[in-house]
Each structure stands twice: as C-alpha cells, then as structure tokens.
Amino acid sequence: MRVLVTGGGGFLGRAVCARLVAAGHQVRSLSRSRHPELAALGVRQRSVDLRDRQAVADAITGCEAVVHCAAKAGAWGPDAEFRAVNVRGTEHVIRGCLDNGVRRLVFTSSPSVVHAGRDLEGVDESVPYARRFPAAYPRTKAVAERLVLAADSPRLATVVLRPHLIWGPGDPHFLPRVLAAARAGRLRLVGGEGKRVDTIYLDNAAEAHVLALDRLEPAAPICGRAYFLSQGDPRSPGELLNALLAAAGLPPETRRIPPLAARAAAAVLETAYRAARVRAEPPLTRLVAAQLGTSHWFDISAARRDLGYRPRVSTEEGLRRLAAYLAAGPAPAEGR
Ligand SMILES: NC(=O)c1ccc[n+]([C@@H]2O[C@H](COP(=O)([O-])OP(=O)(O)OC[C@H]3O[C@@H](n4cnc5c(N)ncnc54)[C@H](OP(=O)(O)O)[C@@H]3O)[C@@H](O)[C@H]2O)c1
C-alpha cells in the first residue's frame, strides 16, 4: 500500500516507517522538518505542519492508508499549542482521508487518556476516559482519540493504539529526562515499591502499528476500537528507573519522596512557572508526579487476540539493546 505516516521522523514514527518499508509498503512521511534517516530508508517526505489543513490534505493525496503518529508530546507547554496540533491536526487528517478516498486510518494514542492520577491496575479498554487530566497532552490526545473512533465508517476504517511509555534507542522524551535528572542528582523515586507500571519497547510498539494496518479494512473487527499495548510485564517504578540508569552505566537511585509531597511540589512549581511566564518545563510536573507515584498497567488481551500482538522483544532484551546503543555514542539528550 501507499501509506502516509505523520511524524515519520519522530521516535516512534521512524520505527513504524522502517517496518512498513520492510513489509513492502511505499511510505511517505509528513512532518515540519526533514529527517535524513527517512531519506536513507527510501521514505519520501513532505514538510507540512498539521495545523495547515490544505497542506495535510495535499500530503494525503494518492495514499491508501494513513498512520497518524505525529503529535505534540510532553508534560508542559501552552494548552493552545497542544489543542492546535493534537486536536485540530487530527481533524485535518480525518478530513484529508475522507476527501481523498483513504479507507484506513491508524491513530497512535496513549493510555494517559484514561489516567486521572489514580491507580490503574490491569484494567482493559472498558475503563472510561479520565474526567480530569494532569496536563494538556493527555487531555488533547483523549479528544483526538474520540474524533478518530467517531470517524469509523464504511468509508473510513479507523483503529486507535495506546502504547504505554515507549522506550528504546533514540528516545527524545522520557530517557533523556531521567538521565539528566540522575546526573544532576535531582532524581527521586516516588512512594514505596508497592506500585507497578508497564511500558513498551520501541520495536514492539512499531510492530503493533503494522499488525493493526494489516487487519484494518471497513467492517473488520478492530474497526472503531482502541487497544492498550505494553510489554505485559509490569514492574515497580523504582525497578524500571534503575534498569534504565543501569543501561546508561549510572548507579541506582534509592532516595524516595512520598507521592503526596511529589504532587504538592509539582503543583507549586507549575503555578510558579505559569505566574512567572516561564516557558521552560518545571523540574517536576503533575503529569510526571502522577506517572511516578501511581500504578498504571493494562490488560493487553484484546491486542493479543485481535491484532495478534506479542511483545516479541522482552524487557531484558530491550534493556540490552538500549545499553548497547547508549554505549556506542553520546547520550540522547546530547543530540542523537
Ligand atoms: N513516547 C512515548 O512514550 C509515547 C507513549 C504513548 C503514546 N505516544 C504517542 O506516539 C506518537 C509519537 O510519539 P513520539 O514519542 O515518537 O514523539 P516525537 O519523537 O516527538 O515525534 C513526534 C513527531 O510529530 C511531528 N510533529 C510534531 N508537531 C507537528 C506538527 N505541528 N506538524 C507536523 N508534524 C509534527 C514531529 O516532527 P517535526 O518536528 O519534524 O515536525 C515528530 O516527528 C505520538 O502520537 C504520541 O502521542 C508516545
């Protein structure tokens, strides 16, 4: 198929592009900047901002399927920017699909759409959307996800994937923050060891996108549905953070702060940064405090059953690959 991947140059998008190319698809990527690694894969690129409705429609012309992976991610930033990219941009993608006769749309969402900051332990997709969100990112992803699910129709088959905390070589988000905080002596574990969190290794998340695309056609059983995706291997946040530190050759962190203190500190910092109109992200945000201090892991039986998803790269194997990647060059925070 001729497939457009939005955000094909991003962390997940690039891995999705590589798998689609390997599976024999003709792949085009849409994002604001050009990414040399995509050119090396044979992926054509369109320099387009998701906020530009006509340009998005033009980039979709001639494609048979769209994987909508681009988003403004992060724990901090102006609400209006998250809305414009994540909500308005998704509206533009859906409209572009409908106007161009595209019949398949895979949307990359996030389990954070159901996480209101309380423990979620082994819940499946019947769990409702959160009513209150700790940040604009999950709030706008939830709106976008609903738009995609509502767009499912005989004309356009849609499916939503919710990969949980993606990690692996090239991570520009979570890993650099953890490593920078650890190197600066600012990292703390939040709460005791009683909580459990699941994650997903990059290659497993990318493979799930290809599996979903393979199974997506109008009236297929996966249409109009959302799927949690993870390693199926929840662990304590301390174990996970320390495994990442070990992969980077850093010593484990043992210092802890109570979850309530973390949340209070995050709220105070966010208020102070907003009042002072500081654009930089505070050292602790409510989103990160909630992620570190609560259980959040999901039942992935639906993805196993309907998508044929299996976390083929185990957590241990992923950690070995990550350690090899980090040992081979500069840390991601330094520009890889
Ligand atoms: N990383 C995670 O742990 C995680 C977990 C769950 C879900 N997700 C979802 O997975 C998807 C990919 O995330 P990621 O971690 O790969 O993020 P990423 O590395 O930041 O990639 C996002 C991509 O979106 C593009 N993009 C951003 N704003 C754009 C705009 N206005 N117009 C056009 N393109 C734009 C960026 O390319 P340019 O900068 O070149 O425009 C970039 O390639 C997102 O939908 C995210 O919500 C991620």
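Reply: Let's begin with a term: an angle of 65 to 115 degrees between two axes counts as roughly perpendicular, whereas an angle under 35 degrees counts as roughly parallel. Please keep in mind that this is a predicted model.

Me: ok, at what angle do α6 and α8 pack?

Reply: Helix α6, residues 174–183, packs against helix α8, residues 237–247, at an angle of about 80°, and their axes are 10 Å apart. The two helices, α6 and α8, are therefore roughly perpendicular to each other.

Me: and which residues meet there?

Reply: From α6 come F174, L175, V178, L179 and A182, and these meet L241, L244 and L245 of α8. The residues of this contact divide into eight nonpolar, no polar and no charged.

Me: switching to the ligand, how many residues surround it?

Reply: The ligand is surrounded by 27 residues, and the closest are L12, R32, S33, Y137 and K141. This shell divides into 14 nonpolar, 10 polar and three charged residues.

Me: which atoms of R32 and D49 lie by the ligand?

Reply: R32 has a polar side-chain atom 2.7 Å from an oxygen atom of the ligand, while a polar side-chain atom of D49 lies 3.0 Å from a ligand nitrogen atom. For C69, a backbone N or O atom lies 2.8 Å from an oxygen atom of the ligand.

Me: how much of the ligand does the protein bury?

Reply: Taken alone, the ligand exposes 880 Å², and the protein buries 90% of that.

Methods
Residues are numbered from 1 along each chain as its sequence is written. This is a predicted model: local features need pLDDT of at least 70, side-chain atom pairs count only at pLDDT 80 or more; totals for chains, interfaces and linings use all residues. Side-chain values use heavy atoms; hydrogens and water are left out. A residue is near a molecule or strand if one of its heavy atoms lies within 4 Å of it. A polar contact is a pair of N or O atoms within 3.5 Å; within protein, one must be able to donate a hydrogen and the other to accept it, and residues adjacent in sequence count only if both atoms are side-chain atoms. Accessible areas come from the Shrake-Rupley method with a 1.4 Å probe; for residues, only the protein chains shown count as cover. Ala, Val, Leu, Ile, Met, Phe, Trp, Tyr, Cys and Pro count as nonpolar, Asp, Glu, Lys and Arg as charged, and the others, Gly among them, as polar. Axes are lines fitted to C-alpha atoms, for helices over the stretch in contact, and angles run from 0 to 180 degrees between N-to-C directions. Helices (H or I, at least four residues) and strands (E, at least two) are DSSP runs, numbered from the N terminus. Angles under 35 degrees count as roughly parallel, over 145 as roughly antiparallel, 65 to 115 as roughly perpendicular and the rest as oblique. Contact means heavy atoms within 4.5 Å.
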